[in-house]
Amino acid sequence: MFKHTISELKEALVCLQAGQVTLAYPFQPHAPGGEFRGKPVIDVDKCIGCGACANACPARLITVKDMNGYRTLHFELGRCTYCADCRDVCPQQALRMSPQFELSTSSLEDLQIHVQFKLVLCRLCGEAVGTQRSVNLVNDKLAASELHQDDRDYLDLCIACKRKVAIHTPSLNLEVVP
Amino acid sequence: MDLITFFLGIFYTLVFPGFLFTAIVGLFLTWVDRKVTAVVQSRKGPPWFQPFADIGKLMSKKMLIPRGSRAIGFLAAPLLSIAGATLAAVIVLRSLFYPQASFVGDLIVVVYLSALPAIALIIGGASSRSPFGAIGASREMSMVLAYEVGFLLAVATVIIKVGSIGFADILAFQSAHGAIAGSVSGFVALVVLVLCIQAKLGYLPFDISEAETELIGGPLAEYSGTGLALFKISRAMMFFFLLVFAVLLFMGGVKLTMLSILGFVLKLLAVLVVLIVIKTTHARLRLDQALRLFWGRIAIAGLVSVALALLGL
Amino acid sequence: MSRLLDWCFKKSIWVYHVNAGSCNGCDIEILDVLTPYYDVERFGIKLVHTPRHADALLVTGPVTRQVRERLLRVYEATPDPKLVIAVGSCPTNGGIWYNSYSTLGGLSNVLPVNIFIPGCPPRPEAILYGVAQALGLVPKQVEPQIVMEG
């Protein structure tokens, strides 16, 4: 026991020199620095409801449901691992990882994001084509591109009906004999 | 014995300087202990009311008695611990404040009363039907055999120098001849006593019976609620009592002047700081290392101090 | 008198840490909270080594099938009044193991939970905030984000 007494007392003196290292944390905020990934937050103006984040999430906490002409995105943030795959894969950069980390709660309903978008339904069969926002986005991109302007007529058709209409449209060069 | 003396005796035992006074001052000294530990570890410690909040919280919890344990031993052990600490503290503090109350032989009474808390721990651990309690109890038995040797040799040194067994005579000797710690044999005996107090209180490096990470609290593993609170109070009382015992035996008593009281408090705090610094800077010893230390070097130092006292140094 | 005992309970919480199948990330963060940098002893929080001395259980990990028995025994061994605190994303809703064959999908399926502290792993500050919130000292800060397009 006495062999190490001198060295241990020297260590105690070193600690005394360090003074008090305690952070004043709950009484003063202690923000995380740099690229800290906290709770995910959706920028609702940018999101087009495409569902790419639902594909990418490893915890599969994002569900996309189409019902009654509306698309609902639901995030169960209780099991989020804050990996930011959803942010990386979003085409519109609508998801960001906010620096909020004080997320404790006694009920899991506080840890959710629930977003609802209007759907565009196919004018022939009534199936969902996509959200109004994503259709508007495609429309804007086509309008800006000066090519493919006639494709803008097909924007409110689902895939199957788009194919049917394309097959039965009379060709410009040949006459189709029924 | 008339009624007034009887009730006065009850007052002395339960309120001042008995159970309430010793418990409150002892709990306050455990706060000083935690604060000094915090300073050595570079952090802020708990606020001053922390030990009282701990005891209050423990009192408000349900006490669970393990199925199959001997309930009599399990429940009597904390009460035995408190009784031993209270009586020892009453005798020492009464003779401190009122030297006429001490009688011949009260030093020996106090020495064996101060062994009661350790015995209570052994009884509680052994009756709790838990392997941790059983191992803790057997380790505590070995430790008691180890540290009582040095403790008794240090006390014997004081008895030899003073020439009588009684607190009043020890205090009178020290006011006439100066503190016993000033002489060579007294100083060696004080060092031996401080190390034995470290083991008696169950502080690192000698907290082998209650090793928290190996034995999950040892004998205290199955206690909860009021039983645990009583054990912690008796431990705080032993802390205060042993500090006063050490200062009284080796560094003189106290008179009713401000300077003398201040000096006494400073001596108490000095011994406390030595105990805490040893506690925070050492790792726990194994049982065989501790036994070898106490029956080897510390017993030899005690014998040396007794021999020096016999030679008159 | 009961208000005094409630005050005592708030000022002195002894925690016992249970690992119910965790990857040890949250366990290491709990260890970080107990260092001098965050110093929980100034709030009266102490780590104890037996559930019989504990007031709050810090449970990490998705509850695996093997640990469920032992977790229930630890819960029964803790005397009332007690708090159960789920630390991390795994006990909150199962974490990324939410639909695995060997886990039970979160702590609320096994024990009554007082507070969840999500994070993978949660920062030591977040754990401290969660324990303070369980004692009623600080307000809840997280809110659901709900947007309906009509």
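**Exercise 1: the largest nonpolar core**

Find which residues touch the most other members of the largest nonpolar core in this predicted model.

*Solution.* Start with the core itself, which holds 91 residues. Among these, Val92(B), Phe241(B), Val244(B) and Ala246(B) touch the most other members. Next, look for the element that gives the most to this core: helix H11 of chain B, residues 226-251, with 21 residues. Now go to Val92(B) and leave out residues up to four places away in sequence; Val92(B) then touches Val110(B), Phe241(B), Val244(B), Phe245(B) and Leu248(B). Finally, turn to a second, separate core of 61 residues, which includes Cys90(A), Val67(C), Ala86(C) and Val87(C).

**Exercise 2: the sheet of chain C**

Work out the order of the five strands in the open sheet of chain C, and which strands stand at the edges.

*Solution.* Follow the parallel pairing across the sheet, and you get the order S2-S1-S3-S4-S5. Strands S2 (46-47) and S5 (115-117) of chain C each have a single partner strand, so one side of each has no neighbour in the sheet and these two are the edges.

For a closer look, take S1 (residues 14-19) and S3 (residues 56-60) of chain C: they run parallel and are joined by five bridges. Here His17(C) stands opposite Leu58(C) in S3(C).

**Exercise 3: where chains A and B meet**

Describe the contact between chain A and chain B by residue class.

*Solution.* First count: twelve residues of chain A are in contact with twelve of chain B. Then sort the side of chain A that touches chain B: seven residues are nonpolar, three polar and two charged.

Definitions and conventions:
Residues numbered from 1 in each chain as written. Chains lettered and ligands numbered in written order. Predicted model: local features only at pLDDT ≥ 70, side-chain atom pairs only at ≥ 80, totals over all residues. Pairing = 2+ DSSP bridges. Helix = DSSP H or I, 4+ residues; strand = E, 2+ residues; numbered from the N terminus. Core = buried A, V, L, I, M, F, W, Y, C linked by C-beta atoms within 7 Å. Buried ≥ 20, exposed ≤ 12 C-beta atoms within 10 Å, placed from the backbone. Contact = placed C-beta atoms within 7 Å. Nonpolar A, V, L, I, M, F, W, Y, C, P; charged D, E, K, R; others polar.
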